[in-house]
Amino acid sequence: MKREEALAIVRKQLKEQRYVHTVGVMETAIELAKLYGADVQKAELAAIFHDYAKFRTKEEMKRIIVEQQMPQDLLAYSPELWHAPVGAYLVQTEVGIQDEEILQAIRYHTSGRPNMTLLEKIVYIADYIEPNRSFPGVDEVRALAREHLDHALFRALQNTIQFLMDKREPIYPDTFHTYNDIAKKLK
Ligand code: GDP
Ligand code: FE
Ligand code: FE
Ligand code: FE
């Protein structure tokens, strides 16, 4: 699928600000894919569709998680986590993208997972550092992303977990599992 076609499809699903974010993720993912030797076209498509399900209702997302037998523990955690796996499903069924690597990058862009592929890491980090993001610590991860992808991933997870803990938010086990996986590998 061509970039313009993909962007037109996703634009209808998103509010303007989220669409601008998506274009930022796309540009950043392409840059990182070139830098680290990943498939640039897959990075582009995964980034364009990563937040496809962001504005679906909680009811619809919940129904899909149950009906499609996704990990049911998702339902015990923040609905913020749901658009990632539900997005992978809808991008496959509504848009018709069948490439499993792209779908996995969408599926794991919020929590991450142990043993992430290069493409999954690129989308996860591009989502975190795209130019429209501004929060404490983002510039450090931007710099790390151009030097060492796993260091950037580790810092982003560290920041996210710390941020959630400061808000007394429950943390989804996969988020911790991803953190632990990278922490062990960086030892
Ligand atoms: P976005 O869709 O571009 O805004 O970014 P993400 O998909 O990466 O994250 C969506 C939201 O999920 C963010 O507000 C994160 O802080 C939140 N989030 C990520 N991991 C967890 C988690 O383990 N638990 C909870 N409660 N929220 C999380
Ligand atoms: Fe997201
Ligand atoms: Fe993210
Ligand atoms: Fe996003």
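1. Asn115 is exposed, with a relative accessible area of 52%; exposed means over 50%, buried under 20%, and partly exposed in between, with a 1.4 Å probe and protein chains only. Asn115 belongs to the loop between H6 and H7, where helices (H or I, at least four residues) and strands (E, at least two) are DSSP runs numbered from the N terminus. Its phi is near 55°, a positive value in a residue other than glycine.

2. This is a predicted model, in which local features need pLDDT of at least 70 and side-chain atom pairs count only at pLDDT 80 or more, while totals for chains, interfaces and linings use all residues. Residues are numbered from 1 along each chain as its sequence is written, chains are lettered from A and ligands numbered from 1 in the order in which they are written, and side-chain values use heavy atoms, with hydrogens and water left out.

3. Arg168 also has a positive phi, of about 60°, although it is not a glycine. Its place is the loop between helix H9 (149–166) and helix H10 (173–186). With 79% relative accessibility, Arg168 counts as exposed.

4. Is His109 buried or exposed? His109 is buried, at a relative accessible area of 2%. It is found in the loop between helix H6 (100–107) and helix H7 (118–129). Its side chain makes a polar contact with the side chain of His83 at 3.1 Å, and another with the side chain of Thr110 at 3.3 Å. A polar contact is a pair of N or O atoms within 3.5 Å; within protein, one must be able to donate a hydrogen and the other to accept it, and residues adjacent in sequence count only if both atoms are side-chain atoms.

5. His83 also has a polar side-chain atom 3.1 Å from an oxygen atom of ligand 1. For Asp51, the corresponding distance from a polar side-chain atom to a ligand 1 oxygen is 3.2 Å. For Thr175 it is 2.7 Å. The protein covers 85% of the 580 Å² of accessible area that ligand 1 has on its own (Shrake-Rupley method, 1.4 Å probe; for residues, only the protein chains shown count as cover).

6. Which residues come nearest to ligand 1? Of the 18 residues around it, they are Arg18, Lys54, Thr110, Arg133 and Thr175; a residue is near if one of its heavy atoms lies within 4 Å. By class, this shell has seven charged, six polar and five nonpolar residues. Asp, Glu, Lys and Arg count as charged, Ala, Val, Leu, Ile, Met, Phe, Trp, Tyr, Cys and Pro as nonpolar, and the others, Gly among them, as polar.
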